[in-house]
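Let us walk through this structure in two stops. We begin at the ligand and then move to a single residue.

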Amino acid sequence: MRGTRVEIRTAALAHNAGRARRLAGDAELFAMVKANGYGHGLLTAAQAMAPAVEGFGVAVMEEAVALRDSGIAGPILVAEGFFDADELEHARRRSLEVVVHSLWQVQLLLAKPAPTRIWLKLNTGMNRLGLRPEWALQAAEQLAAAGMKPLGIMSHFACADDATDSVSEKQLLLAAEVAQRLQLPLSTANSAALIRYPHARGQRVRPGIMLYGSSPFDWQSASELDLQVSHRFSARLIAINEIQPGESVGYGATWTAARAGRVGVVAVGYGDGYPRHAPSGTPVAVNGQPTILVGRVSMDMLTIDLNGIDAQVGDEVELWGDAVAVDAVAKACGTISYELFCQITARPARIVV
Ligand SMILES: Cc1ncc(COP(=O)(O)O)c(C=O)c1O
């Protein structure tokens with residue numbers, strides 16, 4: 001058995017959801033489970049967190065339909081709403097909550113008025129999805145006149161995870177003003193805002209990454225935030241090579257040994273979703289002992305420094321999880337844990353515990 005695997009820990013997901021539940025206070029807690037539950041498995045994640053949450057958030061209709069048809073009966077918010085009239089019908093039939101972010105969606109709704117669960121999305125400065133406030137006010141009026149009064153107003157923060165964030169406060173003020181004028185509930189908070197800005201909770205919060213045991217901040221670790229590891233990626237050593245000073249390792253000969261030593265070959269590569277751009281120096285652990293990646297990651301293998309490490313062929317190497325924080329790997333790779341979780345391929349075994 002190759003032994004390359006991702007372990008998904010449902011108890012950790014439940015713990016992290018409980019943590020978000022406490023931070024949410026009186027607000028509704030909607031757990032974001034888009035992109036296959038941030039790579040944890042859509043239904044696995046949803047079922048593990050269900051006792052702590054009031055609803056789930058996904059990005060697209062296929063995810064919402066999959067959740068609903070798997071027996072998730074409660075509220076499901078579709079963050080990109082419907083893409084066409086067909087999808088609007090799916091949403092209506094399954095009582096899904098659709099985010100309306102553009103005027104073309106308002107036109108589709110008005111073309112065929114019918115009861116629809118709508119959250120109106122405001123652009124408050126991220127300039128990605130959302131209606132500008134004056135358009136949102138007008139859309140809300142038109143929808144209400146056609147019997148489709150929105151359930152609430154939502155917006156998304158651009159910089160809530162930045163140490164020097166000076167944007168969220170302005171975004172919040174703008175969103176709160178529109179919600180106040182329309183007398184509608186407000187939802188703005190992602191994980192970073194939920195943890196950091198209690199006054200931004202509004203009536204509904206929508207955390208994602210914190211539920212999966214990763215910190216939204218680079219100045220505070222997941223364990224400092226009392227979040228538990230829910231995703232552990234590991235593989236086995238399949239060869240150990242003696243190497244002489246001046247010899248290099250792997251494609252492109254990007255790493256050269258400064259001294260004699262041992263290099264371990266690990267049965268995992270970008271074909272499993274380990275990032276190819278992970279540089280030499282990226283942390284890994286062998287039997288709990290910290291060491292580093294050396295040389296270029298290939299499709300099915302990567303190589304690690306075994307100097308001073310007690311290791312045999314067949315031993316387990318942790319790519320991220322308990323001994324190696326996913327956030328540390330993400331930082332070394334110049335990315336974020338979200339991407340590492342999402343890009344695991346179908347090849348590694350997936351073990352749900
Ligand atoms: C609309 C929306 N709300 C909430 C979230 C959750 O954000 P995070 O995972 O940073 O908590 C996302 C994720 O990007 C999102 O797109």
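Start with isoleucine 209. A polar backbone atom of this residue is 2.9 Å from an oxygen atom of the ligand. Keep in mind that the model is predicted.

In serine 191, an N or O atom of the side chain is 2.5 Å from a ligand oxygen. In tyrosine 338, a side-chain N or O atom is 2.6 Å from an oxygen atom of the ligand. How much of the ligand does the protein bury? Taken alone, the ligand exposes 390 Å², and the protein buries 90% of that.

Now look at the whole shell. The residues around the ligand are Met32, Lys34, Tyr38, His156, Asn190, Ser191, Arg206, Pro207, Gly208, Ile209 and Tyr338. Five residues of the shell are nonpolar, four are polar and two are charged.

The second stop is glutamine 105. Find helix H6, which covers residues 103-111; glutamine 105 sits in this helix. Is glutamine 105 buried or exposed? Its relative accessibility is 0%, so glutamine 105 counts as buried. The cut-off for buried is under 20% relative accessible area.

What does the side chain of glutamine 105 reach? It comes to 2.7 Å from the backbone nitrogen of histidine 101. Next, set aside the neighbours within four places in sequence. Glutamine 105 is then in contact with Glu80, Gly81, Phe82, Val99 and Val100.

Definitions and conventions
Residues are numbered from 1 along each chain as its sequence is written. This is a predicted model: local features need pLDDT of at least 70, side-chain atom pairs count only at pLDDT 80 or more; totals for chains, interfaces and linings use all residues. Side-chain values use heavy atoms; hydrogens and water are left out. A residue is near a molecule or strand if one of its heavy atoms lies within 4 Å of it. A polar contact is a pair of N or O atoms within 3.5 Å; within protein, one must be able to donate a hydrogen and the other to accept it, and residues adjacent in sequence count only if both atoms are side-chain atoms. Accessible areas come from the Shrake-Rupley method with a 1.4 Å probe; for residues, only the protein chains shown count as cover. Ala, Val, Leu, Ile, Met, Phe, Trp, Tyr, Cys and Pro count as nonpolar, Asp, Glu, Lys and Arg as charged, and the others, Gly among them, as polar. Helices (H or I, at least four residues) and strands (E, at least two) are DSSP runs, numbered from the N terminus. Buried means under 20% relative accessible area, exposed over 50%, partly exposed in between (1.4 Å probe, protein chains only). Contact means heavy atoms within 4.5 Å.
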